[in-house]
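My plan is to jot down what I look up, one topic at a time.

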Amino acid sequence: MTQTADTRAKTRIRTRFFRSFVRWFLLGAALLWSLAALMLVAAGWIAPPTTAVHMERRWQAWVHNTPYHERYNFVPLSQISLDLQHAVIAAEDARFYQHHGFDWHAMQIAAEEDMEGGRIRGGSTLTQQLVKNLFFGTGRSILRKGAEFTLVPVAELVLGKRRILELYLNVVEWGPGVYGAEPACRYYYRTSAGNLDREQSARLAAILPLPLKRRPERMNHYSALILERMGQMGW
């Protein structure tokens, strides 16, 4: 009888502990989500001083004791070549101005190409990529995708398309320690983002899916596809 009572008491303790853990976990997740949403609101006016990807690369360099020089310079969208803006949209998110954060058609195509082993780029929109860059880094997990899924509509609502494009072009990783259009243009072409021509823009956009492995001068085939897509889109 005593043994049964002890077992019941232990079960109650474990149940209370589990419920308390779940309660605090959900509260913590809600607070973190609210903080991320507030940061998105602030990003409507303030240039992000850093991002999760920036911090991840610094950490990796420290862990592996490798040299790391960060190039990050935020510039207004008006100072970024229209050709580069159009090339990035054509390469990464052709329906950017039509969708509301998610492009379900592109996701389906990416999944089919992935199954066939011929995928060139993923199905994530610029908004999804921006949220991932700002808050989650390069890792993949179900929890991250779930949080990203809830923050993308917030970004679309509070930022708008022009600001999303401006933020994306300024924070995206474009090479080892190279973040944003202006540093990328200086790094690869020794010119400003406003002076980039059509061919250079397509080559720079072509390296975005794998910025640590690709180089603009090697992107002959993919940059040609991007140029063709830009023409089809009226650019």
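This is a predicted model: local features need pLDDT of at least 70, side-chain atom pairs count only at pLDDT 80 or more; totals for chains, interfaces and linings use all residues.

**Surface first.** The chain's accessible surface comes to about 13600 Å². Carbon and sulfur atoms own 60% of that area.

**How much is inside?** Next I looked up burial. The chain has 235 residues, and 41% of them count as buried.

**Layout.** I went through the secondary structure and found 9 helices and 3 strands. Reading along the sequence, I wrote the order down as α-α-β-α-α-α-α-β-β-α-α-α. Then I checked the contacts between residues with a separation of 6 or more: 68% of them join residues 24 or more positions apart.

**Ile89.** Ile89 sits in helix H3, which covers residues 82–92. Is Ile89 buried or exposed? Its relative accessibility is 1%, and the cut-off for buried is under 20%, so Ile89 counts as buried. Which residues does Ile89 touch, apart from those up to four places away in sequence? I listed Ala94, Phe96, Tyr97, Leu126, Leu165, Met233 and Trp235. I followed up on Leu165: it is 76 residues from Ile89 along the chain, yet their C-alpha atoms are separated by 8.8 Å.

**Asn133.** My other pick belongs to helix H5. With a relative accessible area of 11%, Asn133 is under the 20% limit and therefore buried too. Leaving out neighbours within four places in sequence, I noted contacts from Asn133 to Thr51, Ala52 and Val53, and also to Val171, Val172 and Glu173. I looked at Glu173 again: 40 residues separate it from Asn133 along the chain, while 8.5 Å separates their C-alpha atoms.

Last, I looked up the second largest pocket, which has a volume of about 410 Å³. Its lining is made of 14 residues, and the closest to the centre are Ala29, Leu32, Trp33, Phe136 and Ala147. Which elements give two or more residues to this lining? They are helix H1 (2–42), helix H5 (126–136) and helix H6 (142–171). H1 gives the most, with 7 residues. I also sorted the lining of this pocket by type and got 12 nonpolar residues, 1 polar and 1 charged.

Technical notes
Residues are numbered from 1 along each chain as its sequence is written. Side-chain values use heavy atoms; hydrogens and water are left out. Helices (H or I, at least four residues) and strands (E, at least two) are DSSP runs, numbered from the N terminus. Buried means under 20% relative accessible area, exposed over 50%, partly exposed in between (1.4 Å probe, protein chains only). Contact means heavy atoms within 4.5 Å. Accessible areas come from the Shrake-Rupley method with a 1.4 Å probe; for residues, only the protein chains shown count as cover. On a 1 Å grid over the protein atoms alone, a cavity is a set of points where a 1.4 Å probe fits but cannot get out, and a pocket is an open set with protein on both sides within 12 Å along at least five of seven lines; lining residues have an atom within 4 Å of a point. Grid points are joined across faces, edges and corners, and a volume is the space filled by probe spheres set on the points. Ala, Val, Leu, Ile, Met, Phe, Trp, Tyr, Cys and Pro count as nonpolar, Asp, Glu, Lys and Arg as charged, and the others, Gly among them, as polar.
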